[in-house]
Amino acid sequence: MSASPRYAAVIFDMDGVIVDTEALYLDMEREFSREFGLGVTDEELRAQVGCSHQTFQATIASWFARAGKPRVAPELAVRFFDDWYADKPKDFAALLNPGVTETLGALHAAGVRVALASSSTLENIELVLGDCGLIGEFEAIVSGEQFRESKPNPEIYLHTVERLGLTPHACCCVEDSVPGIAAGKAAGLTVFARHEDRFGFSQDAADVIVDKVSGILPYVLGA
């Protein structure tokens, strides 16, 4: 590897990149729909992959309204979902993607700074990282709930870059979903996409598609 990394920092998405949670969340939402008679289709569920917390709030509320349930504000609708979801068994450590720990270690060893920018809530980010033994691995952790709009709005990435005291040109990000890739590109970052073909979306807008997270290392550290 080169002694001079090509990027000063790597900013990671969490769901679908650090942990393989997208399928878990989709299954949970499908079960929620069945249990409460919401009639949500698989196409609608797949459309939620990578969406912001704000979008998910509004979507849950719309599902209830469409099913003839009492109308509630998006914040209350998602709180109802979260209370239901909290009791479901989840093993995030088992969903840690292969090579993530080793990739973070290699970046740290090379002096490349590491941050995390996720559309998930800060509470969920901390839960996932704690379960996976990754607390302390990221210099900066930014949640999409801190902004009026999260991904595909680039603000989450622009804010993270600013917190690092860097420019977008000096940073790259690792994503998987269409909203995440769009946010990274709009922010001016080089975007690596961890290959994902289960949900029917295209990753063609990414600069590079890698089979696994460790696939970014030759690009970031230099061959």
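Me: How many of the residues of strand β4 (residues 171–175) are buried?
Reply: The model is a predicted one. A residue counts as buried under 20% relative accessible area. Strand β4 is largely enclosed by the rest of the structure, because the buried residues of this strand number 5 of the 5.

Me: Which residues of β4 point one way, and which the other way?
Reply: The buried side chains of β4 are divided between two directions. C172 and V174 point one way from the strand, and pointing the other way are C171, C173 and E175.

Me: In what sense do β4 and strand β5 (residues 190–194) pair, and which residue of β5 is the bridge partner of E175?
Reply: Strands β4 and β5 are joined over 4 bridges, and the sense of the pairing is parallel. For E175, the bridge partner in β5 is A193.

Me: Which residue in β4 is the bridge partner of F12?
Reply: Strand β4 also pairs with β1, in the parallel sense and over 4 bridges. F12 lies in strand β1, which covers residues 9–12. Its bridge partner in β4 is V174.

Me: Is F12 buried or exposed?
Reply: The cut-off for a buried residue is under 20% relative accessible area. F12 has a relative accessibility of 1%, so F12 counts as buried.

Me: What kind of aromatic pair do F12 and F138 form?
Reply: The structure holds 15 aromatic pairs. In the pair of F12 and F138, the ring centres are 6.3 Å apart and the planes stand at 70 degrees. Planes over 60 degrees apart count as edge-to-face. The pair of F12 and F138 is therefore edge-to-face.

Me: How many residues apart in sequence are the parts that this pair ties together?
Reply: F12 belongs to strand β1, whereas F138 belongs to the loop between α6 and β3 (140–143). F138 counts as buried because its relative accessibility is 8%. The pair of F12 and F138 ties together parts whose separation in sequence is 126 residues.

Me: Is the pair of F32 and F36 stacked, edge-to-face or tilted?
Reply: The ring centres of F32 and F36 are 4.8 Å apart, and their planes are at 50 degrees. Planes under 30 degrees apart count as stacked and those over 60 as edge-to-face, with the rest as tilted. The pair of F32 and F36 is therefore tilted.

Me: Where do F32 and F36 lie, and what separates them along the helix?
Reply: F32 is buried, with a relative accessible area of 1%, whereas F36 counts as partly exposed at 23%. Both residues are in helix α1. Because they are 4 residues apart there, their separation is about one helical turn.

Me: Which residues do ring pairs link into a cluster?
Reply: F32 and F36 belong to a cluster linked by ring pairs. The residues of this cluster are Y25, F32, F36, F56, F64, F80, F81, W84 and Y85.

Me: Which residue has its charged end over the ring of Y85?
Reply: Y85 is one of the residues of the ring cluster. A charged end sits over the ring of Y85 at 4.1 Å from the ring centre, and this end belongs to K90.

Me: How many of the 6 residues of strand β2 (residues 113–118) are buried?
Reply: Strand β2 pairs with β1 in the parallel sense over 4 bridges, and V10 stands opposite V114 in β2. Strands β2 and β3 also pair in the parallel sense over 4 bridges, with A115 opposite A140 in β3. Strand β2 is largely enclosed by the rest of the structure, because its buried residues number 5 of the 6.

Me: How much space lies in the largest pocket, and which residues are nearest its centre?
Reply: The largest pocket holds about 730 Å³ of space. Elements giving two or more residues to its lining are α1 (22–36), α3 (53–66), α4 (74–86) and α6 (122–131). The lining has 31 residues, and those nearest the centre are Y25, H53, S120, T121 and N124.

Terms used. Residues numbered from 1 in each chain as written. Predicted model: local features only at pLDDT ≥ 70, side-chain atom pairs only at ≥ 80, totals over all residues. Heavy atoms only, no water. 1 Å grid on protein atoms, 1.4 Å probe; cavity = no way out; pocket = protein on both sides within 12 Å on 5 of 7 lines; lining within 4 Å. Points joined across faces, edges and corners; volume = space filled by probe spheres on them. Phe/Tyr/Trp six-rings, centres within 6.5 Å; stacked < 30°, edge-to-face > 60°. Buried < 20%, exposed > 50% of the residue type's maximum accessible area, 1.4 Å probe, protein only. Lys NZ or Arg CZ within 6 Å of the ring centre and 35° of its normal. Pairing = 2+ DSSP bridges.
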